[in-house]
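Open the model in your viewer and keep the selection panel at hand. The tour goes stop by stop, each with something to select.

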Amino acid sequence: MAKSKFEYVRDFEADDTVLPNCWIVVRLDGRNFHRFSEQHEFKKPNDDRALHLMTKCAQTVMQELEDIAIAYGQSDEYSFVFKKKSRWFKRRASKFMTHVVSQFSSSYVFYWKDYFKDQQLLYPPGFDGRIVLYPSNQNLKDYLSWRQADCHINNLYNTVFWMLVQRSGLTPVQAQERLRGTLAGDKNEILFSEFNINYNNEPLMYRKGTVLIWQKVNEVITKKIKLPKEEEEKEVEVTRTKTKVVPLHCDIIGDQFWEEYPEILAEDS
Ligand code: DGT
Ligand code: MG
Ligand code: MG
Ligand code: MG
Ligand code: MG
């Protein structure tokens with residue numbers, strides 16, 4: 001087919017193919033969720049509805065898109081790790097990033113009402129995205145450890161902060177002052193001695209965030225079958241093995257998780 005004289009504009013499109021053989025991480029983050037969480041009356045410091053909605057959206061992303069080996073989320077962010085050997089969209093960075101962010105954003109609006117019930121969505125939320133390549137398994141594990149350490153640091157701080165505000169009646173500025181320069185041990189001590197809270201007994205989802213992995217699960221379904229010699233259809237129970245996206249709230253910084261699920265980092269990924 002003859003080309004139009006306008007075809008040359010294609011040459012202005014920059015090549016954004018990412019390096020081969022690297023883990024491709026796409027991280028998204030809620031835009032101005034400081035305001036969004038206030039306006040939608042998120043519970044402080046952790047709102048189960050918001051956290052579960054984030055995870056539902058991330059599960060949708062993993063199921064709808066190709067080649068995602070693992071995802072990790074906390075607060076208003078989620079990271080998606082594409083397999084090293086993925087050939088999806090010829091490894092074009094913009095395709096990975098935009099598909100993840102748009103699928104996640106539309107899911108957030110689509111599933112909002114399932115999690116927030118009587119709390120109306122007041123305006124359309126947005127998410128930013130970035131893409132980072134990690135050439136070694138250790139780099140990837142360190143990336144995920146960094147995000148989980150961030151979750152821990154923020155959650156410990158926020159848990160004490162909101163206790164001081166909500167239970168002890170400090171103003172936010174006073175609570176901030178009280179916590180200035182304190183170490184993790186000091187914060188644990190305040191929680192224990194002043195509020196009788198053992199931080200280690202706080203919900204795992206708050207302390208560790210959410211890891212999404214693929215797991216084979218057995219599903220029992222009832223099937224109607226017609227036996228050749230019988231007139232009537234019969235209901236029988238059959239077990240099927242399905243691969244599903246499963247949420248975990250566990251430590252991913254130590255080796256135990258990676259030893260338990262070696263397939264995540266397997267060479268053919
Ligand atoms: P950004 O990302 O630069 O556009 O700005 P923000 O405001 O989204 O800042 P970011 O992402 O550093 O911090 C996340 C905000 O979301 C933070 O203000 C706390 C809020 N947030 C996230 N999850 C929850 C939650 O479960 N409950 C409450 N109350 N707030 C939450
Ligand atoms: Mg930010
Ligand atoms: Mg944000
Ligand atoms: Mg954030
Ligand atoms: Mg198209």
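At roughly what angle do the axes of helix 4 and helix 6 cross? Select residues 137-166 for helix 4 and residues 184-195 for helix 6: their axes come within 10 Å and cross at roughly 35°. Axes here are lines fitted to C-alpha atoms, for helices over the stretch in contact, and angles run from 0 to 180 degrees between N-to-C directions.

This is a predicted model, in which local features need pLDDT of at least 70 and side-chain atom pairs count only at pLDDT 80 or more, while totals for chains, interfaces and linings use all residues. Residues are numbered from 1 along each chain as its sequence is written, and chains are lettered from A and ligands numbered from 1 in the order in which they are written.

Stay on the helix pair and show side chains. Leu 156, Tyr 157, Thr 159, Val 160 and Met 163 of helix 4 are in contact with Ala 184, Lys 187, Ile 190, Leu 191 and Phe 195 of helix 6 (C-beta atoms, placed from the backbone, within 7 Å). By class, this contact has eight nonpolar residues, one polar and one charged (Ala, Val, Leu, Ile, Met, Phe, Trp, Tyr, Cys and Pro count as nonpolar, Asp, Glu, Lys and Arg as charged, the others, Gly among them, as polar).

Next, colour by secondary structure. The protein has eight helices and six strands; helices (H or I, at least four residues) and strands (E, at least two) are DSSP runs, numbered from the N terminus.

Zoom in on strand 1 and strand 4, which pair over eight bridges; Val 25 stands opposite Val 132 in strand 4.

Finish at ligand 1. Of the 16 residues around ligand 1, Phe 33, His 34, Ser 37, Phe 42 and Asp 47 come nearest (a residue is near if its C-beta atom, placed from the backbone, lies within 6 Å). Helix 1 gives the most to this shell, three residues. The shell has five nonpolar, six polar and five charged residues.

Terms used
Pairing = 2+ DSSP bridges. Contact = placed C-beta atoms within 7 Å.
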